[in-house]
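The exercises below are to be worked with the sequence and the model side by side. Each task is followed by its solution in steps.

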Amino acid sequence: MLGFILRRLGTFIPTFIGVSIVSFLFIRLLPGDPILLMAGERGMSDDRYAQLMTQFGFDKPLLTQYWDYLNGLIRGDLGLSFKTKRPVWDEFFALFPATLELSLCAIAFAIGLGIPAGIVAAVNRGKWPDQALMSTALVGYSMPIFWWALLLIIFFSGTLGWTPVSGRISLMFFFPTDTGFMLIDSFRSGQAGALASAVEHLILPTIVLGTIPLAVIARQTRSAMLEVLSEDYVRTAKAKGLSPLRVNGVHALRNAMIPVITVIGLSVGTLMAGAILTETIFSWPGIGKWMVEGIGSRDYTAVQGGLLMIAVIVMVVNLVVDLLYGLINPKIRQR
Amino acid sequence: MILNKLQLLGLAAIGIAMSSTSYAQDTLVYCSEGSPEGFDPALYTAGTTFDASSRQVYNKLVEFERGTTVIAPALAESYEISEDGLVYTFKLRSGVKFHTTSFFTPTRDFNSQDVVFSFERQRLADNPYNLVSGGTWEYFNGMSMPDLIQSVEAVDDLTVKFTLTRPEAPMIANMGMDFASIVSEEYATALLEAGTPEKLNQEPIGTGPFKFIAYQKDAVIRYQAHEDYWAGKASIDNLVFAITPDNSVGYQKLLAGECHVLGYPNPADVATMQEDDSLTVLEQEGLNVGYLAYNTTVPPYDNVNVRKALNMGINKQAILDTVFQGSGKAAKNPIPPTIWSYNDATVDDEYNPEKAKEMLAAEGVEDLKMKIWAMPVVRPYNPNARRMAEVMQEDFAKIGVEVEIVSYEWGEYLKLSRELDRDGAVLLGWTGDNGDPDNFLAVLLGCDAVGNGNRAQWCHEPFDDLIQQAKVVSDQAERTDLYEQAQTVFKEQAPWATIAHSVVYKTMRNEVQDFKIDPFGGHIFYGVSLAK
């Protein structure tokens with residue numbers, strides 16, 4: 001197992017260098033000069049332009065700029081955000097816990113409902129539960145996020161008044177956010193109602209963000225289960241008189257899990273990169289919106305640093321998924 | 001473990017019952033549109049940043065009276081201008097206290113050292129704060145301060161002298177701008193000694209009506225009223241900015257009582273908001289102008305009659321209806337009506353396609369093909385430049401002018417549109433910085449600005465003489481007269497088709513009292529109260 005992990009970690013280094021090059025070049029290849037954008041309609045003199053180009057090091061050859069960037073990376077320095085003038089590292093980690101918290105809730109919601117829905121649909125193949133669940137999944141998958149979120153807000157927050165409209169916690173609560181995870185910080189604060197407020201604020205964003213992964217997981221579970229359910233060993237298990245719960249829930253599901261875990265892994269990776277629409281609508285202070293704003297203002301350092309960090313996180317998630325494959329199917333581990 | 005889960009569930013249930021949104025009467029929540037870039041206003045140019053910093057936490061030497069563009073004393077009780085217009089002497093207010101917070105306790109009152117430091121850090125490359133937080137001091141540079149200010153000296157504890165390199169009447173208005181906010185020299189020195197100078201931009205200390213308490217990026221900013229504020233403590237004890245980037249969601253928050261003021265309601269929602277008895281909607285024309293600038297150096301646009309004819313071919317009402325959708329007013333002058341010296345006597349070019357066609361024919365212009373540049377971005381003065389260009393394309397087709405619409409990436413657009421031999425008329429606009437007419441007329445139409453802010457490349461001596469004269473005269477009545485004349489000349493010469501001034505809406509719950517729309521687009525909460 002250790003060898004497997006080390007082999008996987010070994011592939012990190014070239015991937016990391018590759019991603020650093022891509023993230024560095026990506027934002028620079030976009031048309032648009034950050035200094036001209038900064039000046040806006042006001043414009044600036046040629047002298048001032050040249051002065052700022054030197055101050056930010058944009059006048060150096062691209063290779064030198066990359067080398068400086070790489071040197072910074074080795075020291076753990078992602079540079080100062082061009083827009084906010086604050087360290088990119090600080091900016092990223094001020095926002096990332098919010099994205100992580102929401103992503104984990106969304107994926108838990110998607111797994112918690114998606115896998116059972118997939119199993120029920122597969123077991124009842126062609127019958128009404130299958131058709132109802134899969135049609136709902138298709139609707140969920142096709143739903144425009146923006147519209148879905150506003151619909152939920154208007155109904156649950158506006159009409160019924162059950163959930164708050166947006167934010168992470170009611171503004172009446174004020175406590176230090178040491179970990180950045182509102183569920184943990186609100187619990188640690190000891191303030192009455194703080195944790196509940198944090199939970200309330202998570203409900204709608206979790207549903208909105210979890211809807212598409214839920215639909216994908218349900219459909220994937222169904223098709224994987226159908227494949228496995230037609231295998232000989234399942235028939236044997238049934239013939240041996242095992243309960244349907246044991247046949248479907250243990251024998252079939254475990255073997256159907258590999259493609260489902262792949263889908264979950266991919267979804268987690270995508271969610272970690274930030275959910276721009278969900279974050280914007282629910283005023284959720286995550287990295288998705290931060291990255292988009294960075295691209296808009298050609299904030300080279302923020303975008304290249306942010307992309308790199310996201311890539312590292314996605315790589316780690318993939319590693320975890322690979323390890324899970326090994327746990328489920330020992331044959332993969334031995335390869 | 002099970003018990004823990006049960007405890008958690010129990011806590012959650014109790015909390016849900018308790019946490020229905022209700023704020024103390026003395027807390028005002030503002031649904032702001034975005035996160036500030038930082039809290040040192042001199043480092044940035046965005047209104048969102050100024051709202052969170054200079055407009056609540058800091059003061060300037062002079063400030064604009066709330067809701068107007070009229071200058072009033074602030075940290076300076078009075079000022080004198082030397083006869084040659086080169087020396088400005090400010091008498092400072094005594095007994096002004098800086099904020100005492102959990103991160104800083106001042107040992108002295110505000111004095112001239114703070115003023116000198118606030119400007120020298122932006123002006124002098126050898127100031128230890130000049131490069132802190134990647135300082136580029138864009139506004140200070142953009143307003144040509146480095147060329148204008150020769151020295152800033154502390155004459156005594158409560159007197160500061162600014163010596164200029166040339167007479168500049170808008171200097172006082174510049175002192176009311178956000179970059180001219182006064183920071184604490186004592187705090188800055190303490191941070192430098194502690195090796196954390198960048199905190200000046202993260203944990204601000206000012207003399208303003210609210211002191212900074214805490215900030216969570218993209219979520220919330222908290223302020224508390226400054227007990228010893230020199231102009232009297234604010235009516236509201238706590239001010240909270242709930243950062244809400246989506247305006248539809250902001251509207252829902254307003255309805256749910258989760259915030260009191262919404263900074264940027266969607267124009268489409270305004271009619272519904274106006275019908276809601278629990279809400280108040282204020283509206284005012286913004287301090288901006290959207291225009292189409294011809295290149296007056298290129299034929300046939302060097303001919304004033306051709307420009308006039310084209311102006312007469314534009315149906316502004318159609319633009320207001322389709323592009324602004326009710327959030328714009330037709331512009332006839334190059335400055336908005338909220339600025340002093342606005343000349344209401346000028347007459348706009350009427351919409352008359354027939355006459356326009358005849359005028360073009362009389363000038364021998366036939367089968368004219370022109371380019372209209374459409375900006376790729378949304379601006380307050382032009383919410384949809386592409387659509388605006390399309391409306392003009394249709395209008396011009398009616399007078400026999402064939403229009404090709406072109407666009408570039410925003411940075412490129414700004415750069416290429418400055419070129420002297422530019423092919424085509426440019427859609428652009430301007431938002432005022434300091435409420436001084438010079439900030440529009442000289443920056444956008446002066447001879448010095450040709451090849452830069454003057455997109456019409458229009459250098460017209462009679463006009464330029466008037467605005468140059470107005471720059472060096474201190475008497476406002478005299479300046480008003482000169483600017484009014486300049487607007488008349490502008491209208492006769494038509495280097496632009498003036499299109500529109502945006503209309504700004506602010507929506508608030510009825511309990512919010514005395515909120516005034518800031519012509520500069522800011523949100524100022526000193527002077528605002530909540531009905532009990």
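**Exercise 1: Nonpolar cores**

Task: find which residues have the most contacts inside the largest nonpolar core.

Solution. The largest nonpolar core has 74 residues, and B:Leu292, B:Met370 and B:Leu427 have the most contacts inside it. Helix α13 (residues 385–398) of chain B gives the largest share of this core, 6 residues. Another core, of 68 residues, lies apart from it and includes B:Phe39, B:Ala42, B:Ala52 and B:Ala234. A nonpolar core is a set of buried Ala, Val, Leu, Ile, Met, Phe, Trp, Tyr and Cys residues joined through side-chain atoms within 4.5 Å. Buried means under 20% relative accessible area, exposed over 50% and partly exposed in between (1.4 Å probe, protein chains only). Helices (H or I, at least four residues) and strands (E, at least two) are DSSP runs numbered from the N terminus.

This is a predicted model, in which local features need pLDDT of at least 70 and side-chain atom pairs count only at pLDDT 80 or more, while totals for chains, interfaces and linings use all residues. Residues are numbered from 1 along each chain as its sequence is written, chains are lettered from A and ligands numbered from 1 in the order in which they are written, and side-chain values use heavy atoms, with hydrogens and water left out.

**Exercise 2: A residue in a strand**

Task: decide whether B:Ser32 is buried or exposed.

Solution. Locate B:Ser32 in strand β1 (residues 27–32) of chain B. B:Ser32 counts as buried because its relative accessibility is 3%. Then list its contacts (heavy atoms within 4.5 Å): leaving out residues up to four places away in sequence, B:Ser32 touches B:Phe241, B:Ala242, B:Ile243, B:Thr244 and B:Pro245.

**Exercise 3: Helices of chain A**

Task: describe helix α10 (residues 194–229) of chain A and say where it bends.

Solution. Chain A has 16 helices and 0 strands. Of the 36 residues in α10(A), 26 are buried. The helix bends by about 45° at A:Thr211, with A:Pro213 following within four residues. The bend is the angle between axes fitted to the seven residues ending at a residue and the seven starting there.

**Exercise 4: Confidence**

Task: state where pLDDT stays under 50 in chain B.

Solution. pLDDT is the predictor's confidence in each residue, from 0 to 100. Chain B averages 91, and 95% of the residues score at least 70. Over residues 1–22 of chain B, pLDDT stays under 50. For the model as a whole, ipTM is 0.78 and pTM is 0.84.
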